[in-house]
Amino acid sequence: MSISASDVRAWVGAYATTIAEHRIELVKLDTAIGDGDHGTNMERGMRAAVEKLEATQGDDIGALLKAVGMALVSKVGGAAGPLYGTLFLQMGAASAGRDTLDLDGWTDALEAGVKGVQARGKAAPEDKTMLDALLPAVEALRTAAGDGAELGDALRRSAAAAEEGMRATIPLEARRGRASYLGPRSVGHQDPGATSSHLLLQTAAQTFGGNTPE
Amino acid sequence: MKKLINEPDAVVREALEGIESAHRDHVRVIHDPMVIVRADAPKQGKVGIISGGGSGHEPMHGGFVGRGMLDAACPGEVFTSPTPDQMLEATKAVDGGAGVLHIVKNYTGDVLNFEMAADLAKAEDIEVESVVTNDDVAVQDSLYTAGRRGVGITVIAEKICGAAAEDGQSLAEVAELCRKVNGQGRSMGMALTPCVTPGSGEPSFELGDDEMEIGIGIHGEPGRHREGLTSAAGVVERLATAIVEDLPYQSGDKVLAFVNGMGGTPLIELYIVYRELERFLQGREITIERRLIGSYITSLEMAGCSITLLKLDDDLTRLWDAPVDTPALRWG
């Protein structure tokens, strides 16, 4: 089983729908410890990403992911624009010229993207950021591959790890981004960036994993 | 919350169209990507200065585009950083061959987007220097936060650097001057009410009738402390003490004092704040040599104020006094 270019298009479309459905929730999470624009910005950016994909021909997965990244960089704004933009741009660079991705190919691409996010945002684990969902997801993919898991199972395990990482941001004190200005007042709130990152990986498991959503 | 708008999604675009119609003598507007450019840009041989940030802080930054201040401003969505394509467009539009200074307020989004824009501009062989302002003493400056926010000093830095660029100073000199102004400036703000973004329609935080929020930023984010409401004198004592002790400003210092309204506080109250501030500083033998009073870096309709002090020397005073001709700041 592998991920095709049309699967990638379907994933981006499904993520745009998911973000639109969770817009209010993301806005509320961001209002608690940030400035309340995360859901609105991501919805606008993903709408632009879907339009850009529709205008992008071919089945080069790298080119598709880069197109999504450029749309996010120019349409999201805030910190999420450069961070999610970099995630997709680096995933695209790591999968350039490929028309399918197997488990290793997907893991390599996601890892390249997450490294890009780390380099751009200079955050560390447990800083209460999107990395707290993304890093465990990459690790879970590597472990699953080592266990000989098939693609669908590995993707579900990575989505579960991202969800756990997202929930683990609740007791953390933010050390990066606007939430860090609140100091201890950021404790007790789930990070909005980790939430939108969990949704990204959950949507990947649902789109590529061939399973029924929970 | 009642607002004088047509469509929540169209607020930034329609305001930009209003600015374009109202201020054709000062600026021209690029709509995609959104940039407000000085009408006569680029000025050959002059360092270009651009800034940008989320909308909702008007007149900052678009109101400061014109002779003696900014060459271009990039407005983002409300309280959302603008994007690298806007900043690149602005940089290209103002580059007169002497390079371009990016003045960036220290917010994660602004910093990340301006970093990407500077990379893109350098790839097009435009010389760019970036200076990040971080004057807010309400925020603990440590490895464990995103660092102090850039607030009131940004307006003063744009004015002073704009004058230096008109004088023909080099990019390196103007950037160094910007760092000096930021280094000698400190600010702190407070809120009496939250604000409501057009997109959310909800107050940014809840605040009781008898409470005030100390140490707020300019995006409706909650502050560091919530306290019982006190008098204007009490508020000034609270803000000015934190500011003066941070640099510290000392007996004999001459300063520029900037009393800023957050958007919903009338000028009559800002003058009371100024009165209290002058008394407070007199008590510490600090002389206000220059002052700016009004709502220049705002947070939508939030009620409250911020105080910024800049330690002056003859050079900074001369550059502050130099002529400026923008929609929001004009003298000389």
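Two strands count as paired if DSSP finds at least two bridges between them. The model examined here is a predicted one.

**Exercise 1.** Describe how strands β1 and β2 of chain B are arranged.

Solution. Begin with the pairing: β1 (residues 27-31) and β2 (residues 34-38) of chain B run in the antiparallel sense, joined over 5 bridges. Finally, pick out a facing pair, in which B:Arg28 lies opposite B:Val37 of β2(B).

**Exercise 2.** Characterise the side of chain B that touches chain A.

Solution. Start from the contact itself, in which 32 residues of chain B meet 28 residues of chain A. The elements of chain B that supply two or more residues to this side are β4 (72-78), α2 (84-94) and α3 (108-123), and α3(B) gives the most, with 5 residues. Sorted by class, this side of chain B holds 10 nonpolar, 16 polar and 6 charged residues.

**Exercise 3.** Find which residues touch the most other members of the largest nonpolar core, and examine one of them.

Solution. In this core of 167 residues, they are B:Ala72, B:Ile160 and B:Cys161. Leaving aside residues up to four places away in sequence, B:Ala72 has contacts that include B:Val35, B:Val37, B:Ile50, B:Ala90 and B:Val94.

**Exercise 4.** Describe the packing of α7 and α9 of chain A.

Solution. Geometry comes first: helices α7 (residues 131-146) and α9 (residues 192-208) of chain A pack at an angle of about 35 degrees, and their axes are 7 Å apart. The contact brings A:Asp132, A:Ala133, A:Leu134 and A:Ala137 of α7(A) against A:Ala194, A:Ser197, A:His198 and A:Leu201 of α9(A), a set with 5 nonpolar, 2 polar and 1 charged residues.

Technical notes
Residues numbered from 1 in each chain as written. Chains lettered and ligands numbered in written order. Predicted model: local features only at pLDDT ≥ 70, side-chain atom pairs only at ≥ 80, totals over all residues. Axes fitted to C-alpha atoms, helices over the stretch in contact; angles between N-to-C directions. Helix = DSSP H or I, 4+ residues; strand = E, 2+ residues; numbered from the N terminus. Contact = placed C-beta atoms within 7 Å. Nonpolar A, V, L, I, M, F, W, Y, C, P; charged D, E, K, R; others polar. Core = buried A, V, L, I, M, F, W, Y, C linked by C-beta atoms within 7 Å. Buried ≥ 20, exposed ≤ 12 C-beta atoms within 10 Å, placed from the backbone.
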